[in-house]
Amino acid sequence: MAAYQYLNWGDASHYDRTRDLPCVLCGRPTPLRSHASEPVHKVCAEDWNATSPDQPRRYTLPVKDKPQHDVGTWRFHNDGPNTPTRRRTTVTELRPLGPDDGPLELFAA
């Protein structure tokens with residue numbers, strides 16, 4: 001028997017704070033969502049992965065110093081390098097505002 005694989009669903013896109021929907025596997029309410037937006041408990045998805053070894057798998061991209069590994073099935077898989085990420089802004093330089101920069105405008109959220 002293979003080791004039980006826990007899913008890493010740390011990204012906020014896996015949580016719907018507005019409503020609970022019935023889990024597609026057990027039927028109980030859950031705010032959690034899969035990568036395909038299916039309502040599913042993380043534990044239910046992990047159990048499904050463990051009991052469905054014949055389902056198509058996802059793997060990490062091969063990297064020079066890291067072995068390729070299984071990140072779950074196509075239906076339920078880990079967040080990671082194969083999951084699209086949101087674009088992040090990187091600040092490379094901070095400088096104080098000068099008189100030519102004009103007033104700083106702040107907007108309420």
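Predicted model: local features only at pLDDT ≥ 70, side-chain atom pairs only at ≥ 80, totals over all residues.
Biologist: How many aromatic pairs does a search of the whole structure find, and what makes tryptophan 48 and phenylalanine 76 a pair?

Modeller: The search finds one aromatic pair. The ring centres of tryptophan 48 and phenylalanine 76 are 5.4 Å apart, and the cut-off for pairing is within 6.5 Å, so the two rings count as a pair.

Biologist: Why is the pair of tryptophan 48 and phenylalanine 76 called edge-to-face?

Modeller: The angle between the planes is 85 degrees.

Biologist: What is the largest nonpolar core made of?

Modeller: It has eight residues: Leu7, Trp9, Cys23, Val40, Cys44, Ala45, Trp48 and Phe76. Beyond residues up to four places away in sequence, valine 40 touches several residues, including Trp9, Cys23, Ala45 and Phe76.

Biologist: How do you know that arginine 75 lies over the face of tryptophan 48?

Modeller: The distance from arginine 75 to the ring centre is 5.2 Å, and the limit is within 6 Å, together with an angle within 35 degrees of the ring normal. Arginine 58 has its charged end over another ring, that of tryptophan 74, at 4.4 Å from the centre.

Biologist: What makes the contact between arginine 75 and glutamate 38 a salt bridge?

Modeller: The closest N and O atoms are 2.9 Å apart. The cut-off is within 4 Å, so the pair qualifies. Arginine 75 is in the segment after E4 and glutamate 38 in the loop between E2 and H1, so parts 37 residues apart in sequence are tied together.

Biologist: Why is arginine 75 called partly exposed?

Modeller: Its relative accessibility is 28%. Buried means under 20% and exposed means over 50%, so arginine 75 falls in between.

Biologist: Arginine 57 and aspartate 70 also form a salt bridge; which of these residues counts as buried, and why?

Modeller: Arginine 57 has 19% relative accessibility and counts as buried, because the limit is under 20%. Aspartate 70, at 24%, is partly exposed. Their closest N and O atoms are 2.9 Å apart. Arginine 57 lies in strand E3 (residues 57–59) and aspartate 70 in strand E4, 13 residues apart.

Biologist: How many salt bridges does the search find in the whole structure, and which residues are linked in a network?

Modeller: There are five salt bridges. The network links Asp16, Arg19 and Arg33. Between aspartate 16 and arginine 19 the N to O distance is 3.6 Å, which is within 4 Å. A polar contact of 3.1 Å joins the side chains of aspartate 16 and arginine 33.

Biologist: Where does aspartate 16 lie, and is it buried or exposed?

Modeller: Aspartate 16 is in the segment before E1. With a relative accessible area of 17%, it is buried.

Biologist: How do you know that histidine 14 is buried?

Modeller: Histidine 14 has 1% relative accessibility, and buried means under 20%, so the label applies. Histidine 14 is in the segment before strand E1 (21–22). Its C-alpha atom is 4.6 Å from that of arginine 33, 19 residues away along the chain. A polar contact of 3.5 Å joins the side chains of histidine 14 and histidine 35.

Biologist: What is the phi of serine 37, and where does the residue lie?

Modeller: The phi of serine 37 is positive, about 65 degrees, although the residue is not a glycine. Most residues other than glycine have a negative phi. Serine 37 lies in the loop between strand E2 (29–30) and H1.

Biologist: Why is serine 37 called exposed?

Modeller: Its relative accessibility is 54%, and exposed means over 50%, so serine 37 counts as exposed.

Methods: Residues numbered from 1 in each chain as written. Heavy atoms only, no water. Phe/Tyr/Trp six-rings, centres within 6.5 Å; stacked < 30°, edge-to-face > 60°. Helix = DSSP H or I, 4+ residues; strand = E, 2+ residues; numbered from the N terminus. Buried < 20%, exposed > 50% of the residue type's maximum accessible area, 1.4 Å probe, protein only. Polar contact = N/O pair within 3.5 Å; in protein donor to acceptor, adjacent residues only side chain to side chain. Salt bridge = Lys/Arg side-chain N within 4 Å of Asp/Glu carboxyl O. Core = buried A, V, L, I, M, F, W, Y, C linked by side-chain atoms within 4.5 Å. Contact = heavy atoms within 4.5 Å.
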